[in-house]
Amino acid sequence: MNASSLPKPSTSNDVIDAIADAVRADAPLEIRGGGSKATIGAPRNAPILDMSGFDTVIDYDPAELVLTAGAGTPLSGISALVESENQMLAFEPFDHGPLLGQVAGAATIGGVIAAGVAGSRRVSGGGARDHLLGFEGISGRGERFVAGAKVVKNVTGYDLPKLAAGSWGRLFAMTQLTLKVLPRGRESATCIVEGLSPTQAVAAMARAMGSQADVSAAAYLPAALAGGASLTALRVEGFGPSVAARCTMIEVALAEFGAVGRVDAATAGKVWTDLRTLAPLAGTAPLWRIATPPSTAPSLVAALEPFGAQWLFDWAGGLTWLTLDGDPARVRAAAAAASGHAILVRAPEAMRRIVPALHPQANGVAALEARVRRAFDPNGVFETGRFHEVANAN
Amino acid sequence: MKMPEADQAVLSRRAEIVARLRSIVPGEGVIADPDALKPYETDALTAYRQPPLAVVLPETVEQVSAILAWCHAEGVKVVPRGAGTSLSGGALPLADAVLLGMAKFNRIVDINYYDRLAVVQPGVTNLAVTRAVEDSGFYYAPDPSSQIACSIGGNIAENSGGVHCLKYGLTTNNVLGVQIVMMDGEVVRLGGRSLDPAGLDLLGVVVGSEGLLGVVTEVTVRILPKPQTARALLIGFPSVEQASKCVADVIAGGIIPAGMEMMDKLATQAAEAFVQVGYPLDVEALLIVELDGPQAECDHLCAEVQTIANASGAVSCRTSTSEAERLAFWAGRKAAFPAMGRLAPDFYCMDGTIPRRRMPEVLARMAEMSKSYGLAVANVFHAGDGNLHPLILYDVNQPGQLEQAEAFGSDILRLCVEVGGVLTGEHGVGVEKRDLMPVMFSEADLAHQQRIKCAFDPKLLLNPGKVFPVLHRCAELGRMHIHGGALPFPDLPRF
C-alpha cells in the first residue's frame with residue numbers, strides 16, 4: 001500500500017479542511033491512527049488522513065474515573081499513565097501490530113476504539129463500546145460535533161459513542177475521546193485445569209463465570225497449541241483476601257472437571273499475553289476473530305477442524321480466534337451456524353480483495369447500516385473500499 | 001412545554017383509524033372510548049397530560065409491524081409505551097397519535113444459564129427478569145427504583161440505570177440484542193447472543209433512543225451470578241465537603257462499591273421521620289456505601305472504607321452485621337421520595353450528572369437558588385457517579401409554584417452543564433428536558449443525532465416532540481453546506 005498522505009492535521013480545523021477538500025474533489029479519505037491495523041480490510045489507495053498529531057492527554061482525574069485524550073495518543077502511553085495511578089482501561093485493549101507482523105507501539109487510542117478492540121477482560125468488564133463516554137469528531141460533512149459527555153453516567157441524547165466504537169473510520173474522524181477508567185486489581189491470580197476437551201472446557205468456564213468467584217477472564221488453549229495437555233485458564237483480580245477466597249471458590253465450583261491448579265505469575269503472564277499477541281496462531285494462515293455465544297463455540301471449531309483449523313477460545317468461549325488455510329465461505333457459514341459472526345483479521349492481499357473483513361449482515365440491517373453511514377458521510381468520503389462498502393450500499 | 005401541533009386531517013379520520021387498528025388487533029386490543037383512554041394520558045411525569053387518539057395493545061410482532069406499516073403509509077404518528085413509568089414524559093401521548101402499548105408482550109422467551117442470558121418480551125418488568133432467574137443464583141443487574149413496575153422495553157428506550165450502575169453499568173452495558181420494528185413496519189434484529197455486533201453498533205444507539213427509532217419487540221439481556229454477600233456502611237459527616245472527599249478517596253483507593261448514595265440533611269431527616277431506621281439526625285450529609293462480592297472481600301473492604309471515612313472526618317459510622325440491618329440502611333434512602341410528601345404536597349425530581357469534584361460548589365449554588373426561588377430542595381445523589389437527584393418541594397395548588405419549580409429545575413440543569421456535566425444521568429430527555437438540549441449541544445451536535453433518526457424514521461412519525469427541541473425535516477438536514485478547505489495541494493492526485 002503506497003497511499004499518499006495529506007498534510008498531517010493538528011487541529012480540528014485542519015481536519016475540517018481536509019474533509020471539505022475531499023468532498024469537493026469527490027475523493028475518498030482514509031482516517032488513520034497509528035496504522036497498526038492497516039492490513040485489516042481490502043487493499044486500497046485512498047490518501048491518508050493521519051490523526052497521530054492529536055496525541056495529547058487533555059484531562060485525567062483518577063478520582064473521577066475519566067480520561068480525555070487526543071485520538072492519536074499512543075495506547076502504550078495511556079496504558080502507562082493510568083497504570084501509574086493504579087488504574088486501567090478495563091476493556092483491556094491491545095496493540096494489533098505484533099499479530100499482524102508489525103512492530104509494537106504504533107496503536108493509538110482512537111484506533112483501538114474505532115476498531116472495537118477488547119482483550120480477555122471483555123467477558124467481565126465490557127468492551128470498547130462500554131468505556132467510551134464521549135468524543136469530538138468531524139463527520140464526512142466536514143462538520144465538527146461532540147457526542148456523549150465527560151462524566152461516567154449520562155443518557156442525554158443518542159448514545160453516539162456506542163456507534164463510534166467499532167465504526168472503523170466509516171462515520172467520522174474522532175479528534176478527542178473521553179474514556180471511563182477503573183481501578184486496577186491490586187492482585188491477580190490464574191487458576192488452571194488441564195486436559196479438558198473443548199466441550200468440557202466451555203462447560204467449566206460457564207460454571208466458573210456463573211459462580212460467585214467473579215472471574216475476570218476465561219480462556220482455553222487446545223492440546224495442539226498448549227504444548228501437551230489442553231489448558232483452561234481462569235483469571236481473578238482484586239484485593240488480596242478476595243483473590244485468595246475466589247481461587248478457592250473456583251476450586252470448589254470446578255471440582256467435577258478435575259484438579260484446579262494455580263500457576264505462577266510468569267506462566268500466567270504468558271497465557272494472557274499469548275491471547276493478545278496470538279503467538280500460538282502466528283504465521284501467515286488467514287486469521288479469523290469469531291464471536292458466538294459460548295455454548296456454540298465447540299460445534300464451531302468441530303465443524304472447521306477437519307479442514308485444518310487451528311484455534312483457541314477467549315471470553316469463556318464467546319470469542320474464537322481461528323486460522324484456516326481454506327475456503328473463507330466455510331468459516332463464515334460455520335460462524336453463522338453458531339449464531340455468531342466472523343471478522344477476517346489477517347489474510348493475504350488477494351484474499352482480502354475479495355473477502356470482506358466484516359461479516360456480511362442480513363439485508364434489512366445492511367440497508368439500515370448504509371443509511372446510518374450516509375447520515376454521517378453523505379458523499380461517501382470515508383468509503384475507501386476497505387470494507388467493500390460500495391457493494392454494501394447497493 | 002409546547003408539543004407538535006395536532007394534525008386536523010388526522011383527527012378528523014379518527015373513526016377510520018380506529019376501525020383499521022381493530023382490523024389488525026381484534027377484540028379488546030383497541031381502546032377508543034374517551035373514559036378508557038384516561039389511564040393512558042400521562043406517564044410518571046404527571047404534570048403533562050394528553051389523551052391519545054386511540055390506544056392499541058398488540059400481542060404479536062406481526063401486529064406491531066402491520067400497525068406501524070399502516071400508520072407509516074397513512075402519515076399517522078405513533079407513540080410507544082411500556083409500563084408508563086418514565087420520569088421525563090417519554091410516553092406522553094399526542095392528540096393526533098396512536099398510543100402503542102406493549103404491555104401484552106409479557107413472556108419470558110428463553111433463559112440460558114450456560115450463556116448467561118435471558119430473552120424476554122419488552123413488557124416483562126425489570127424485577128420479573130431477576131425473579132425468573134434468582135432460584136438459580138442469578139439476577140439482572142440494572143435496578144431502576146421503579147423496577148417493580150417498569151418494563152424491559154422501557155428500560156431499553158431510556159437506558160435505565162439504578163443504584164448499582166457505578167459497578168454494574170446501565171441497561172446498555174447489560175443488553176446483547178434486540179428485535180425492533182421500524183416505523184415502516186420492517187422487523188430487524190440488532191446484536192444477538194454474542195458479545196460484539198457484526199457491524200456498526202446500532203444496538204448501542206437504539207438503547208437510550210427514547211422510543212424514537214423503533215418499537216422493541218424482544219430483548220436479550222445478560223444475567224449475572226448474584227454476589228455471595230452484600231454489606232453496607234452508614235456514614236454521617238458534618239459537611240457535604242467531607243462526605244464528597246470520602247467518596248473521592250474510596251474510589252481513588254481502588255474501591256468501586258456496588259452502590260454509593262449520599263443524602264443531605266433535609267432528605268435524611270425526612271426519610272428518618274418516614275421510616276425510622278436510625279439515621280443520624282445531626283449530620284449534614286449521610287453516605288450509604290454498599291460492598292458486594294465474596295464474604296472475604298466484603299469484610300476487607302468494609303474495614304478499608306471505614307478507615308477512609310474516619311480520615312475524611314466522619315462523625316458516625318455503622319457497618320451492617322445482618323441482612324436486616326443492611327436493608328434498614330437502604331429503607332430510608334428508598335423512602336426518600338415518598339418521604340417528601342411530609343414536607344410538601346408535591347416534589348419535582350431532577351436528574352443531572354456532574355463531575356464529582358464540583359459537588360460542594362454545585363450544592364452551595366443550589367442552596368442560593370433555593371433561597372431566591374423560595375422553594376426548598378432536598379438532595380439525594382448516586383454519589384459514586386455524580387448523578388444528582390435534587391427534589392424541589394412545591395405546592396401545585398399555589399398559583400405559579402409549578403412554574404417556579406420548573407424554572408428552578410431548569411436552572412439546576414444549566415448549572416450541571418456549566419460545571420462540565422449533563423442534563424440527565426438516567427431519566428432521559430423526553431419532553432421534560434427537550435428544550436434544554438441546546439444548553440448542552442450545538443445545532444451541529446443535534447443535527448448529527450437527528451440524522452440517525454432520519455435513517456430509521458425519515459417521516460418523523462415515531463414519538464415526535466420528544467428529545468429534540470426542533471425536529472427538522474430530514475431533507476433539510478441532509479443538505480450539505482461545505483465550509484473550509486483550501487485545496488492546498490491542487491496537484492495531489494484525487495481519486
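**Notebook: sheets, a helix and a core**

I started with chain B, where four strands form an open sheet in the order 1-2-4-3, with mixed pairing. Its edge strands are strand 1 (30–31) and strand 3 (77–81) of chain B, each of which pairs on one side only. I note that the model is predicted.

I looked up one pair in this sheet. Strand 2 (residues 54–56) and strand 4 (residues 97–101) of chain B pair in the parallel sense, over three bridges. I found B:V56 opposite B:L100 in strand 4 of chain B. I also checked what lies across these strands: helix 2 (residues 14–24) of chain B lies across strand 1, strand 2 and strand 4 of chain B, and runs at about 10 degrees to strand 2 of chain B.

Next I took B:V98 and listed its contacts, leaving aside neighbours within four places in sequence. They are B:I17, B:L21, B:P52, B:L53, B:A54, B:V56, B:C71, B:V76 and B:V78.

I then looked up an open sheet of five strands in chain B, with the order 5-6-10-8-9 and antiparallel pairing. Strand 5 (108–112) and strand 9 (187–191) of chain B are the edge strands, each pairing on one side only. From one strand to the next, the twist averages 10 degrees.

Strand 5 and strand 6 (residues 117–120) of chain B are joined in the antiparallel sense over four bridges. Here I found B:N112 opposite B:L117 in strand 6 of chain B.

**Strand 4 of chain A**

I moved to chain A. Is strand 4 (residues 66–70) of chain A mostly covered or mostly exposed? It is mostly covered, with five of its five residues buried. A:V66, A:T68 and A:G70 point one way from the strand, A:L67 and A:A69 point the other way, and all are buried.

I checked both partners of the strand that I had notes on. Strand 3 (residues 57–61) of chain A runs antiparallel to strand 4 of chain A, and four bridges join them. A:D61 stands opposite A:V66. The two strands form a hairpin with four residues between them, and A:L65 in the turn has a positive phi of about 65 degrees. Strand 8 (residues 172–180) of chain A pairs with strand 4 of chain A in the antiparallel sense over five bridges. The bridge partner of A:G70 in strand 8 of chain A is A:Q176.

**Core and helix 7 of chain A**

I looked for the largest nonpolar core and found 285 residues in it; A:A208, B:V98, B:L287 and B:I392 have the most contacts inside it. Helix 7 (residues 198–209) of chain A gives the largest share of this core, eight residues.

I checked the length of helix 7 of chain A. Its 12 residues should span 16 Å at 1.5 Å a residue, and the end C-alpha atoms are 16 Å apart, so the two agree. Of its 12 residues, 10 are buried, including A:P198, A:R207 and A:M209. Among the elements of chain A that cover the buried residues are strand 10 (187–194), helix 9 (240–253) and helix 11 (297–304).

**Between the chains**

Last, I looked up the contact between the chains: 88 residues of chain A are in contact with 86 residues of chain B. Elements that each supply at least two residues to the chain A side include helix 1 (12–25), helix 7 and helix 14 (363–376) of chain A. By class, this side has 41 nonpolar, 27 polar and 20 charged residues.

Definitions and conventions: Residues numbered from 1 in each chain as written. Chains lettered and ligands numbered in written order. Predicted model: local features only at pLDDT ≥ 70, side-chain atom pairs only at ≥ 80, totals over all residues. Core = buried A, V, L, I, M, F, W, Y, C linked by C-beta atoms within 7 Å. Buried ≥ 20, exposed ≤ 12 C-beta atoms within 10 Å, placed from the backbone. Contact = placed C-beta atoms within 7 Å. Expected span 1.5 Å × (residues − 1). Nonpolar A, V, L, I, M, F, W, Y, C, P; charged D, E, K, R; others polar. Pairing = 2+ DSSP bridges. Axes fitted to C-alpha atoms, helices over the stretch in contact; angles between N-to-C directions.
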